[in-house]
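This report describes one protein structure for a reader who is new to the subject. Please keep the sequence and the three-dimensional view at hand while reading.

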Amino acid sequence: MNERKAKLGQTIRSRRQEQDISLRRFALMVGFSHSYLVDVESGRRNIGIENLCKIADGLGVKVSDLTKGL
């Protein structure tokens, strides 16, 4: 597993949990499948810029907030 993907996934998970949003609810909010987000948050999935933007929008943060320190 790529260290950057893992760190990005951890950041996304932390931001989502800080807002007390379940993974299933977040998947519905951003229009992705539950399994896709599980893979993103666990660092097993490459994520394109469009999908990263959707996730950032769903969390109400900037993409740069999610990618800081990668």
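Ser-64 is partly exposed, because its relative accessible area is 42%; buried means under 20% relative accessible area, exposed means over 50%, and partly exposed lies in between (1.4 Å probe, protein chains only). Ser-64 belongs to helix 5, residues 63-67. Helices here are DSSP runs (H or I, at least four residues), numbered from the N terminus. Between the C-alpha atoms of Ser-64 and Cys-53 there are 9.9 Å in space, and the two are 11 residues apart in sequence.

## Basis of the values

The structure is a predicted model, in which local features need pLDDT of at least 70 and side-chain atom pairs count only at pLDDT 80 or more, while totals for chains, interfaces and linings use all residues. Residues are numbered from 1 along each chain as its sequence is written, and side-chain values use heavy atoms, with hydrogens and water left out.

## Packing of helix 2 and helix 3

Helix 2 (residues 23-30) packs against helix 3 (residues 34-41) at an angle of about 110 degrees, and their axes are 9 Å apart. Axes are lines fitted to C-alpha atoms, for helices over the stretch in contact, and angles run from 0 to 180 degrees between N-to-C directions. The two helices are therefore roughly perpendicular to each other; angles of 65 to 115 degrees count as roughly perpendicular, under 35 as roughly parallel, over 145 as roughly antiparallel and the rest as oblique.

Helix 2 contributes Leu-23, Arg-24, Phe-26, Ala-27 and Val-30 to the contact, and helix 3 contributes His-34, Leu-37, Val-38 and Glu-41. Contact means heavy atoms within 4.5 Å. The residues of this contact comprise 6 nonpolar, 1 polar and 2 charged. In this division, Ala, Val, Leu, Ile, Met, Phe, Trp, Tyr, Cys and Pro count as nonpolar, Asp, Glu, Lys and Arg as charged, and the others, Gly among them, as polar.

## Two buried residues of the packed helices

Glu-41 lies in helix 3 and counts as buried, because its relative accessibility is 3%. Apart from neighbours within four places in sequence, Glu-41 is in contact with Gly-9, Gln-10, Ile-12, Arg-13, Arg-16 and Leu-23.

Val-30, in helix 2, is also buried, with a relative accessible area of 11%. When neighbours within four places in sequence are left aside, the contacts of Val-30 are Leu-37, Lys-54, Ile-55 and Gly-58. Although Val-30 and Asp-57 are 27 residues apart along the chain, a separation of 8.2 Å is found between their C-alpha atoms.

## The nonpolar core

In soluble globular proteins, nonpolar side chains tend to be buried together. The largest nonpolar core in this model has 17 residues; such a core is a set of buried Ala, Val, Leu, Ile, Met, Phe, Trp, Tyr and Cys residues joined through side-chain atoms within 4.5 Å. The residues with the most contacts inside the core are Ile-12, Phe-26, Phe-32, Leu-37, Ile-55, Leu-59 and Leu-66. Helix 1 (3-18), helix 2, helix 3 and helix 4 (49-59) are the elements that give two or more residues to this core.

Phe-32 touches Ala-27, Leu-37, Asn-51, Lys-54 and Ile-55, if residues up to four places away in sequence are not counted.

Ser-33 is found in the loop between helix 2 and helix 3 and is partly exposed, with a relative accessible area of 39%. The side chain of Ser-33 reaches the backbone nitrogen of Tyr-36 at 3.0 Å. Ser-35, located in helix 3, is partly exposed at 46% relative accessible area. The side chains of Ser-33 and Ser-35 are joined by a polar contact of 3.3 Å. A polar contact is a pair of N or O atoms within 3.5 Å; within protein, one must be able to donate a hydrogen and the other to accept it, and residues adjacent in sequence count only if both atoms are side-chain atoms.

Ser-42 occupies the loop between helix 3 and helix 4. Its side chain reaches the backbone oxygen of Val-38 at 2.9 Å and the backbone oxygen of Asp-39 at 3.2 Å.

## The backbone at Asp-20

Most residues other than glycine have a negative phi. Asp-20, which is not a glycine, has a positive phi of about 55 degrees. Asp-20 lies in the loop between helix 1 and helix 2 and is exposed, with a relative accessible area of 67%.
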